[in-house]
Amino acid sequence: MRVYSTWTTPKRGGPRLKPVSFHPTTFRPSFILKDSGIPLTPIRCGDLSNVRKVPKLAHRLDRVLFQPLNYHFLQDPRSSVYNFNPYLQNLIPLKELNQKLLEGTFVPSEKDKNLLKLCQEHKTNFYTSTSAVTGILSHMHFLLSNMKGINGDVLSKNFKEKRFRFTKGATIPGVVLAMRKDTEGPDCPFSKRRYAIGADHSADNEIVLSLMGHFMERLLVCSPEIYNQFRADSKVPFEKVREAFHGESVYNFSKISNFILRSQLDCQDQRLPNGNKSFDIKTRAVCAVRHDISHVERDEYTGYQIVRAHDQYESFEREFYELMRSTMLKYSLQARIGNMDGIFVAYHNIEKVFGFQYLPLEEIDYILHSDTLESTLNTKNDVQDQDKIMGPLGTHTPDLKRILSTKIANTEYKFSMEIINRILCRILNKKGDPNVTLSDNYRIVFKTGKFKKKVYLFVLASPIDEQMVQRIQNVSKEISNTTLDKQIDIEKLLSGDNDSSESPLNEDLLKKNYKSFEHRKMVREINQKTSENAFGYRISVEHLFNGKHSKMAHPMPTSLDDDWALNTYVTSVRPSLAKFLYLKFLKEKEDICWRSLYDNETESEPDSEIYKEDDLSDSNSETRSEADKMELHLRELAKDTEPSQYQQLLRAFGGKGRLREEKYRQKPPKHIQLVK
């Protein structure tokens, strides 16, 4: 974007124009936000808010809650003594579990009538759930923190990895559907409209990890007798088993800005100090599974184990390091929306559970929001800082850093929801704009990145009809019914004109990836069709502390008393660029969803430009058809390619784990002992 100012001295033929670089302070902000002006209100809904109905941890796992951040082995690898119930160790294979129980596990926000009723009662325009909004809130964090990384201080000094940027999977574009649900008619005031904000799962690939995760969550809160009923060959009536599996859904509701938010509560313990005494349960597969998922799904096994607390590999520390860079931001947002105390994590390799860890929300805040505080706070050593050590609680630097981190996280959450509200109102209340096609439903894409060395949030929207909404939401169902004789000739691909220098096509791999091919093809067709009327905005922010513009690389307050305000600048994106970015970001999400998890967990490139002006002309010169590109993609999937060097390393550790298992079977301990 180029902005022009005039010379003060007029020249013949009119004033000359000189280009000046864009900077937000050149213009008046679109709106100014203050922390105190964005209230967050819990909502009580009778029995639905009764946290005591939420299940508790079974198998004596509650001990983990009160030793936060520590790694807890299920079985001590040195003595073979069990710290928890041995039943937890060997997971029932997914194919032996009744997967019909997973149907109806989650009620999307757009189908939740109770949520719509709350939205009408509290006179808000929007209602949503954590699963829908955490993706776009992640991009708000990248915008407000100026693409800041994480704080790795919690790792041991001997841990060699020093990359603390978020992974590519963590920065995946956020895509949501805004669906109008009121019955007021097309001409009603915007204040009376009610929109459900739902997640767009059209490009999501269902993998064994997500399916296994649902069953593992039940494993941690159920007795062995009840969990055995979830087997596919169980003799217990299905309805009774289904009732035991789902239990009674309990939600936390809150109102913030113009939103009603819903968060499902997994587990609770009334001894926890913060929030509503609840916490989220997360299951985390080891790196050898996540980085080599296609190999693991094919063999249904990896021998990789966790046998140490700290080390480069085969350790809890490796798994925690990768968790911090990939999914911890999402975990923190889910816990904050649900007013939870923290996150309970179970580490496994699909076949075995190795141990557990509890992450309090304040410790997660410290990891995500404090890595540049060293340069902004008094960092004198303790000998020089004795007055503050004995002074008021919270003034000593280590304490202040943690307290400030939580303040930053809470304020950032409020700012984020208000900015999202303002942007959605602009998108959905476009009456009278001749350049925008009006609709009751929109598909909206969020992506934060750098453009000309400055961080922006790009929001692209496209009006869609009800039929397209249904198609987007039902892509997975359509794919599950896809057969191999549709759209493409498998035999033609297998016997086609292959270059002798190419790797041969593997028929089993080809058939295995066929549905992925059809899925991707369908998603690209949807993306192309919905891009025609795309429009959008570019958002930037400027932080003010105590009325002064911040000059920090990653702005944050240095005192609990700082007055924090946010100048927000919103500019429209021209239609041609909006369509280009809309397709670009959706393709980026598509590539990440279908690419190996190893690529997704590699470090993102924060200094790379989100787009260049030359990209627009290059996109118009593409001559290869979309069908040809998709066929090439399928061919690539079907080749017997060699694993990467890193995957070979992880498979070697898997082989080592299998040898360890074999030795254990040959000479098992005389007695299975359990710590009392």
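Here are some questions and answers on this predicted model.

Q: How many helices and strands does the chain have?
A: Start with the overall makeup. Buried residues account for 52% of the 676 residues in the chain. As for secondary structure, the count comes to 22 helices and 19 strands.

Q: What share of the chain's contacts with a separation of 6 or more comes from residues 24 or more positions apart?
A: This one is about how far apart in sequence the partners sit. Take the contacts in the chain with a separation of 6 or more, then pick out those between residues 24 or more positions apart. That share is 77%.

Q: How are α2 and α9 oriented: parallel, antiparallel, perpendicular or oblique?
A: Helix α2 covers residues 130-144 and helix α9 covers residues 328-337, and their axes are 9 Å apart. The angle between them is about 120 degrees. The perpendicular class stops at 115 degrees and the antiparallel one needs over 145, so α2 and α9 come out as oblique.

Q: Is the crossing of α2 and α9 left-handed or right-handed, and which residues of α9 are in the contact?
A: α2 goes past α9 in a right-handed crossing. On the α2 side, the contact uses T130, V133, T134, L137, S138, H141 and F142. The α9 side brings L329, K330, L333, Q334 and I337.

Q: How many nonpolar residues are in the contact of α2 with α9?
A: Sort the contact residues by class. There are five polar residues and one charged residue in the contact of α2 with α9. The nonpolar ones number six.

Q: How is α9 oriented to α10: parallel, antiparallel, perpendicular or oblique?
A: Helix α10 spans residues 361-369, and its axis is 10 Å from that of α9. The two pack at an angle of about 135 degrees. Roughly antiparallel would take over 145 degrees, so α9 is, relative to α10, oblique.

Q: Which residues of α10 make the contact with α9, and how many residues there are charged?
A: α9 passes α10 in a left-handed crossing. From α9, the contact takes M328, L329, S332, A335 and R336, and from α10 it takes L361, I364, D365, I367 and L368. By class, that contact of α9 with α10 has seven nonpolar residues and one polar residue, and the charged count is two.

Q: Why do the buried residues of α13 line one face of the helix?
A: Helix α13 runs over residues 466-473, and M468, V469 and I472 are buried in it. Look down the axis of α13 and the buried residues fall within a limited arc, so they line one face. That arc is 105 degrees.

Q: Where is G149, and is it buried or exposed?
A: G149 sits in the loop between α2 and β7 (174-180). In sequence, G149 and R165 are 16 residues apart, while their C-alpha atoms are 4.5 Å apart in space. The relative accessible area of G149 is 6%, and buried means under 20%, so G149 is buried.

Q: What is the phi of N546?
A: N546 lies in the loop between β17 (535-545) and β18 (548-549). N546 is partly exposed at 48% relative accessible area. Its phi is positive although N546 is not a glycine, with a value near 55 degrees.

Q: Which residues does C222 touch, leaving out those up to four places away in sequence?
A: C222 is in the loop between α3 (208-219) and α4 (224-227), and with 5% relative accessibility it counts as buried. C222 and K56 are 166 residues apart in sequence, yet 8.8 Å apart from C-alpha to C-alpha. The residues C222 touches are A58, H59, Y227 and F230.

Q: Which residues is K100 in contact with, leaving aside neighbours within four places in sequence?
A: K100 belongs to the loop between β5 (72-73) and α1 (113-121), and it is exposed at 57% relative accessible area. K100 is 130 residues from F230 in sequence and 9.8 Å from it in space, C-alpha to C-alpha. The contacts of K100 are F238 and R242.

Definitions and conventions
Residues are numbered from 1 along each chain as its sequence is written. This is a predicted model: local features need pLDDT of at least 70, side-chain atom pairs count only at pLDDT 80 or more; totals for chains, interfaces and linings use all residues. Side-chain values use heavy atoms; hydrogens and water are left out. Buried means under 20% relative accessible area, exposed over 50%, partly exposed in between (1.4 Å probe, protein chains only). Helices (H or I, at least four residues) and strands (E, at least two) are DSSP runs, numbered from the N terminus. The arc is that of the directions from the helix axis to the C-beta atoms. Axes are lines fitted to C-alpha atoms, for helices over the stretch in contact, and angles run from 0 to 180 degrees between N-to-C directions. Angles under 35 degrees count as roughly parallel, over 145 as roughly antiparallel, 65 to 115 as roughly perpendicular and the rest as oblique. A crossing is left-handed if the near helix is turned anticlockwise from the far one by less than a right angle, and right-handed if clockwise. Contact means heavy atoms within 4.5 Å. Ala, Val, Leu, Ile, Met, Phe, Trp, Tyr, Cys and Pro count as nonpolar, Asp, Glu, Lys and Arg as charged, and the others, Gly among them, as polar.
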